[in-house]
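User: Got a model open here and want a quick tour. Can we start with the pocket?

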Amino acid sequence: MATPRFSTNDVTVVFFLGGPGSGKGTQSANLVKDYGFVHLSAGDLLRAEQVREGSQYGDLIREYIREGKIVPMQVTVALLSNAMADSLATSPPPAGTKARFLVDGFPRKLDQAVFFEETVCPSELVLFLDCPEDVMEARLLKRGETSGRDDDNAASIRKRFHTFVETSMPVVDDFEKKNKVVSVKADSSVEQVYEQVKAGIEARGLHTR
């Protein structure tokens, strides 16, 4: 069996899950600012990779994203693993502290979680933003007015909801059984949601630098 690339002695990984439009981007920015997390968005890494000059994965990623399908996990995990290595090389954590990575929008499926933990690093917990579908849809359609993102339209949004419920909720359920989930109701204001996020992080002892 492969040895993970990073040790939990050096690195803390928190998976950040929630349906499309649940507010992960906004809350991630708060966690970076207040707790020193390095934010890695699987979606942002995939979007950057598909337009990167000379990328071996670009065409494949474009096709999967357009279809609303999940990109093969080996691609996503490789991008995340390399982004962690780059971060540790360019801005290592202060002596005696662990680097903290907030992995946003990943794992999207249970096999991705297993593959990541076996090859990259076991995770500390899953932070889950629990948000009703109608709230998420309204947020995404509003974002679509200005985001310019291909997938911020009603048809794509519904596909993404369906994919999330079918494939990503089992990840949350599995981690729940291991007592590794901090679940937060995400249908109130950004500030109220963040108060719950903070309480969950601090209850797990992740607030100390």
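User: How much space lies in the largest pocket?
Analyst: About 940 Å³. Keep in mind that this is a predicted model.

User: Which residues lie nearest its centre?
Analyst: P20, K24, R47, R149 and R160. The lining of the largest pocket has 46 residues in total.

User: How do the lining residues divide into nonpolar, polar and charged?
Analyst: The lining has 15 nonpolar, 19 polar and 12 charged residues.

User: Which element gives the most to that lining?
Analyst: α2, with five residues. Other elements giving two or more include β1, α1 (24–35), α6 (133–147) and α7.

User: Switching to packing. How many residues are in the largest nonpolar core?
Analyst: 27. Those with the most contacts inside that core are V11, V13, F15, M84, F106 and F116. Helix α4 gives the most to this core, with five residues.

User: What is V11 in contact with, leaving aside neighbours within four places in sequence?
Analyst: F6, M84, L88, K98, A99, F101 and C121.

User: What about a second core, which residues does it include?
Analyst: F37, L125, L140 and V193 are among them. That core is separate and has 22 residues.

User: Now S168. Where does it lie?
Analyst: In helix α7, residues 154–177.

User: Is S168 buried or exposed?
Analyst: Buried, because its relative accessibility is 0% and the cut-off for buried is under 20%.

User: What lies 2.8 Å from a polar atom of the S168 side chain?
Analyst: The backbone oxygen of R108. Beyond neighbours within four places in sequence, S168 is in contact with R108 and T163.

Notes
Residues numbered from 1 in each chain as written. Predicted model: local features only at pLDDT ≥ 70, side-chain atom pairs only at ≥ 80, totals over all residues. Heavy atoms only, no water. Helix = DSSP H or I, 4+ residues; strand = E, 2+ residues; numbered from the N terminus. Buried < 20%, exposed > 50% of the residue type's maximum accessible area, 1.4 Å probe, protein only. Polar contact = N/O pair within 3.5 Å; in protein donor to acceptor, adjacent residues only side chain to side chain. Contact = heavy atoms within 4.5 Å. Core = buried A, V, L, I, M, F, W, Y, C linked by side-chain atoms within 4.5 Å. 1 Å grid on protein atoms, 1.4 Å probe; cavity = no way out; pocket = protein on both sides within 12 Å on 5 of 7 lines; lining within 4 Å. Points joined across faces, edges and corners; volume = space filled by probe spheres on them. Nonpolar A, V, L, I, M, F, W, Y, C, P; charged D, E, K, R; others polar.
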